[in-house]
Amino acid sequence: MINNLIDHNLHLADTTLILSQRNSEWCGHGPILEQDIAITNISLDLLGQSRLFYQYAAQLMNDSKRLQGAKAPAPFGEGVGGEVTEDSLAYLRKEREFKNLLLVEQPNGDWAQTILRQYLFSQYQYLLFEKLQQSSEEQLSAIAAKSIKETRYHVRWSSEWVIRLGDGTEESHARMLQAIEELWPYTGEMFIPAEYETSSGIDLTSIKNVWDEKVKAVFAEASLPVPEKVFMQSGGKKGTHTEQLGYLLTELQYLQRTYPGAEW
């Protein structure tokens, strides 16, 4: 049971960390200053969420190790001094140990692709946090309750951009169509439950039904089609990723791996 809870927290933490890293690549490159600041602030929101989930996972892992005693194997992500920390989980784990959704590791592409990725994920995350607030795990529930306030803004901001670009110029509409083609095959994984999600009691099917309705409404306003009968990619929740994650982690983890234990 505790292993499933740890894995669930790592999945939530990894997903928000990787999307935060992706969005942060726009810092200084946004189309206008206001939106450059907006996407950077969303990156910081996601980073804050990932820290909370990593801290909870680290606490559970350290407690589990102490209960098992000296015979317990060292958990992955163990930092200097033998303790697991939020930093060791983010910087010292390998690609196959990350459990993030494939959607969030996809390249930024252009502004349309970045915006669509954010909307598709944020709409899902908001509905997920609504359910997690009711979790019997008090700490998980508290993190969801705190984070959903930020996620509500992420949904509003990104959906407005989807509509603006989809129902805008011929060029912006074409770019949104291309973004849908690139990203839609990664949306199905959000609703395929991993073992650790099943044990949490979260019904991803009910979330998918509401997500479908919300996305269809936004796409209709944006004059965009909802794809049908698309083969869905999966594997990220179990540690099987696209080649993109390896490049991202190389940059993300470089300093800590080059100078172990480095602090500002």
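Student: What should I know about the model before I start?

Tutor: It's a predicted model, where local features need pLDDT of at least 70 and side-chain atom pairs count only at pLDDT 80 or more, while totals for chains, interfaces and linings use all residues. Residues are numbered from 1 along each chain as its sequence is written, and side-chain values use heavy atoms, with hydrogens and water left out.

Student: How many salt bridges does the rule give?

Tutor: The general idea first: side chains of opposite charge can pair when their charged atoms come close. Here the rule asks for a side-chain nitrogen of Lys or Arg within 4 Å of a carboxyl oxygen of Asp or Glu. The count comes to nine salt bridges.

Student: Which parts of the chain does the pair Glu-86 and Arg-51 link?

Tutor: Those two side chains meet in a salt bridge at 2.7 Å, N to O. The pair links distant parts of the chain, with Glu-86 in helix α3 (residues 86-91) and Arg-51 in helix α2 (residues 33-68), 35 residues apart. Helix labels here come from DSSP runs (H or I, at least four residues; strands are E, at least two), numbered from the N terminus.

Student: Is Glu-86 buried or exposed?

Tutor: Buried means under 20% relative accessible area, exposed over 50%, and partly exposed in between, using a 1.4 Å probe and protein chains only. Glu-86 has 18%, so it counts as buried. Arg-51, at 43%, counts as partly exposed.

Student: Where do Lys-237 and Glu-197 sit?

Tutor: Lys-237 lies in the loop between α9 (204-221) and α10 (243-258), and Glu-197 in helix α8 (residues 195-198), 40 residues apart. Their side chains meet in a salt bridge, again listed N to O, at 2.7 Å. Lys-237 is buried at 4% relative accessible area, and Glu-197 is buried at 3%.

Student: What about Lys-208 and Asp-212?

Tutor: Both lie in helix α9, four residues apart, about one turn of the helix. Lys-208 is partly exposed, at 32% relative accessibility.

Student: Which residues are linked in a network of salt bridges?

Tutor: Asp-63, Arg-66 and Glu-83.

Student: Now for helix packing: at what angle do α2 and α5 pack?

Tutor: Two packed helices are described by the angle between their axes and the distance between the axes. For α2 and helix α5 (residues 111-132), the angle is about 40° and the axes are 13 Å apart. Axes are lines fitted to C-alpha atoms, for helices over the stretch in contact, and angles run from 0 to 180 degrees between N-to-C directions.

Student: Why are α2 and α5 called oblique?

Tutor: Under 35 degrees is roughly parallel, over 145 roughly antiparallel, 65 to 115 roughly perpendicular, and the rest oblique. At about 40°, α2 and α5 are therefore oblique to each other.

Student: Which residues meet there?

Tutor: Contact means heavy atoms within 4.5 Å. On the α2 side they include Ile-39, Leu-46 and Phe-53, and on the α5 side Trp-111, Phe-121 and Phe-129 are among them.

Student: And which residues have a positive phi without being glycine?

Tutor: Ser-223 has phi near 60°, and Lys-229 has about 55°. Ser-223 is in the loop between α9 and α10, and Lys-229 is in the loop between α9 and α10 too. Ser-223 is partly exposed at 39%, whereas Lys-229 is exposed at 87% relative accessibility.
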